[in-house]
Amino acid sequence: MGSLAHVIEDCLGIVQVYSDGSISRTENINFPMKVHDDGSSVWKDTLYDTKHNLHLRLYKPSHPSSTKLPIIYFFHGGGFCVASRTWPNCHNSCLRLASGLQAVVVAPDYRLAPEHRLPAAYIDPVTAVKWLKNQALLLNSGGGGGDEWLKDGVDFEKVFIVGDSSGGNLAHHQAVELRRGSPDLAPVRVRGYVLMAPFFGGTVRTKSEAEGPPEQFLNIEVLERSIYSNILDSIGYQTAIYGFGRTKIVSRFWRLSVPIGSTADHPLANPFGPSSPNLEGALLDPILVLVGGNEVMKDRIEDYAKRLKDLGKEVDYVEFKGEEHGFFLLDPFSEVANRVLHEIKQFMSKNSI
């Protein structure tokens with residue numbers, strides 16, 4: 001008689017991998033934040049990928065201040081292993097982006113690891129953006145069809161792609177694949193990309209990854225003690241989801257998400273890794289990189305922005321002193337979130353001409 005299957009990987013108490021290869025995923029998460037819906041934006045869900053049963057959530061301001069609104073894609077984070085457009089932190093952020101930036105926001109879900117290892121998460125956002133192209137073509141044809149929310153008052157030529165954490169990683173790869181001006185998406189045109197603390201990896205640790213900044217809610221002892229217990233109960237959602245503050249949890253995300261046998265130097269994880277494509281000849285639209293000053297990944301993110309600048313790419317880098325990973329999503333209605341919106345609004349204005 002064989003032994004009972006036991007847990008060999010535990011990711012934040014949300015995803016567990018067992019010795020027999022089975023995977024369990026809980027939806028019973030005690031979020032500390034509630035949905036903050038003040039009525040300034042409206043939203044609805046729609047199916048964008050029938051093959052994989054993937055949905056996206058559309059948002060728009062309740063009272064638009066412009067006759068033609070720009071479009072913002074928002075790719076959620078979660079280390080490629082957790083999170084969804086339906087989680088209250090993501091939902092609140094998109095409500096805030098729609099009202100604060102006076103834009104239509106498109107927030108697609110994508111397949112998660114370890115059930116669907118990379119490159120699944122890279123394929124799905126491309127499909128989601130092509131969904132918008134198809135909507136524009138249907139609406140422009142005059143033959144009917146297309147989503148009513150996109151029929152009037154939407155500017156398909158002013159699209160911006162925003163990604164948080166692993167979503168920022170996805171935004172980078174979208175920028176490379178779609179190329180400057182996104183010619184293959186016509187009549188849709190992407191104008192720029194906003195990377196909020198993009199989740200990049202590498203087998204060689206940076207100084208901030210090795211030493212770790214003084215994050216308020218996480219230390220290595222807590223992480224090690226809690227990793228095989230219900231982390232959401234023992235140290236709380238904020239620590240578990242946004243406390244990428246030590247490399248153990250970062251390593252676990254990569255181990256569960258990259259193709260089996262690969263490392264955090266995989267080209268999808270590390271854009272400047274030993275086997276990554278040379279970006280010197282890449283034609284990229286403008287990129288805005290936002291990062292908290294107390295993030296463990298700060299040095300890697302800053303190095304990413306610097307390397308792109310050294311290659312002649314148009315990159316703006318803004319650091320928010322004292323902030324930790326996920327600070328915008330944790331409270332998108334805070335004072336520092338207002339500063340984030342200001343930076344994004346300036347970036348959009350500059351690149352909408």
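A crossing of two helices is called left-handed if the near helix is turned anticlockwise from the far one by less than a right angle, and right-handed if clockwise. The model on screen is predicted, so local features need pLDDT of at least 70 and side-chain atom pairs count only at pLDDT 80 or more, while totals for chains, interfaces and linings use all residues. Residues are numbered from 1 along each chain as its sequence is written, and side-chain values use heavy atoms, with hydrogens and water left out.

Begin by selecting residues 120–141, helix α2, together with residues 166–178, helix α3; helices (H or I, at least four residues) and strands (E, at least two) are DSSP runs numbered from the N terminus. These two helices pack at an angle of about 65 degrees with their axes 10 Å apart, an axis being a line fitted to C-alpha atoms, for helices over the stretch in contact, and angles running from 0 to 180 degrees between N-to-C directions. The crossing in which α2 passes α3 is right-handed. Show side chains next: Ala121, Tyr122, Pro125, Val126 and Val129 of α2 meet Asn169, Leu170, His173, Gln174 and Glu177 of α3, where contact means heavy atoms within 4.5 Å.

Now step back to the loop between β7 (104–108) and α2, where Pro114 is placed. A cis peptide bond with omega of about 5 degrees joins Ala113 to Pro114.

Select Asn53 next, in the loop between β4 (41–49) and β5 (54–61). Phi of Asn53 is near 55 degrees, a positive value in a residue other than glycine.

Move on to helix α1 (residues 88–101) and helix α11 (residues 335–350), whose axes come within 11 Å and cross at roughly 55 degrees. α1 and α11 are therefore oblique to each other, given that angles under 35 degrees count as roughly parallel, over 145 as roughly antiparallel, 65 to 115 as roughly perpendicular and the rest as oblique. The crossing of α1 and α11 is right-handed. Arg96, Leu97, Gly100 and Leu101 of α1 make the contact with Asn338, Leu341, Ile344, Lys345 and Met348 of α11.
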